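Please read the following report alongside the sequence and the coordinates.

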Amino acid sequence: MSKLPVNLKRIHQPGGYTLGILTVEDFTCFTLERPWRNNKPYISCIPSGQYPMKRDKTGKHRCYRLEDEIVTPRSAIEIHVASNVDNLQGCIGLGYLFDFFSKHPLRHSALACDEFLEAMKDRDAILTIEDVK
């Protein structure tokens, strides 16, 4: 059985974060990640590329997790609720609104995560991350 395609197009911002748009079928939301810091654990966004991911019902955030062996030397990279980069340790936060002037720029994150889970229907997926210049 083929894996569900999930696409993330992102722009690295000079303000200390990475902003993106994630799509899966008819679902679309914003993403927030830490800035690029050479793929260092806990402080960097992950490199662009393709990553298998699975529903995570046992991890810290219980949403989706990228398969660890693909993002060496990193582990436990999750997609989850987040309002700012301080909520992220190299993971990907979801939301519906982005406020550039706030300390908590990603808004409606819990709703976006709930609706992402509904769109995913517990299916295995391939996340394709593309950096847009």
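## Strands E2 and E3

Thr18 stands opposite Glu33 in E3, and this pair belongs to the antiparallel pairing of strand E2 (residues 17–24) with E3, which extends over 7 bridges. Strands, and likewise helices, are DSSP runs numbered from the N terminus, with at least two residues (E) for a strand and at least four (H or I) for a helix, while two strands are said to pair if DSSP finds at least two bridges between them. The model is a predicted one, in which local features need pLDDT of at least 70 and side-chain atom pairs count only at pLDDT 80 or more, whereas totals for chains, interfaces and linings use all residues. Residues are numbered from 1 along each chain as its sequence is written, and side-chain values use heavy atoms, with hydrogens and water left out.

The hairpin of E2 and E3 has 2 residues between the strands, and within this hairpin Glu25 takes a positive phi near 50°.

## The closed barrel

E3 also runs antiparallel to strand E7 (residues 92–95), to which 3 bridges join it, and the bridge partner of Leu32 in E7 is Gly93. Both strands take part in a closed barrel of 8 strands with mixed pairing, in the order E1-E2-E3-E7-E6-E5-E4-E10. From one strand to the next the twist averages 35°, where axes are lines fitted to C-alpha atoms (for helices over the stretch in contact) and angles run from 0 to 180 degrees between N-to-C directions.

Strand E1 (residues 4–13) pairs with strand E10 (residues 125–131) in the parallel sense, over 7 bridges; here Leu8 has Ile129 of E10 as its bridge partner.

## Aromatic residues

Rings of Phe, Tyr and Trp (its six-membered ring) pair if their centres lie within 6.5 Å, with planes under 30 degrees apart counted as stacked, over 60 as edge-to-face and the rest as tilted; by this rule the count comes to 4 aromatic pairs. In one of them, the ring centres of Tyr17 and Phe98 are 5.4 Å apart and the planes stand at 45°, so the pair is tilted. Because Tyr17 lies in strand E2 and Phe98 in strand E8, this pair ties together parts that are 81 residues apart in sequence. Tyr17 counts as buried at 15% relative accessibility, and Phe98 is buried with a relative accessible area of 11%.

The rings of Tyr64 and Phe116 have their centres 5.5 Å apart and their planes at 75°, so this pair is edge-to-face. Tyr64 lies in strand E5 (residues 64–66) and Phe116 in helix H1 (residues 109–120), so the pair ties together parts that are 52 residues apart in sequence. Ring pairs link Phe27, Tyr64, Tyr96 and Phe116 into a cluster.

## Cysteines

The structure holds 0 disulfides, a disulfide being a pair of cysteine sulfur atoms within 2.5 Å. For Cys113, the closest cysteine sulfur is that of Cys63 at 4.7 Å, too far for a bond, and Cys113 is buried with a relative accessible area of 4%. For Cys91, the closest cysteine sulfur is again in Cys63, at 11 Å, which is too far for a bond; Cys91 is buried, its relative accessible area being 6%.

How values were computed:
Buried < 20%, exposed > 50% of the residue type's maximum accessible area, 1.4 Å probe, protein only.
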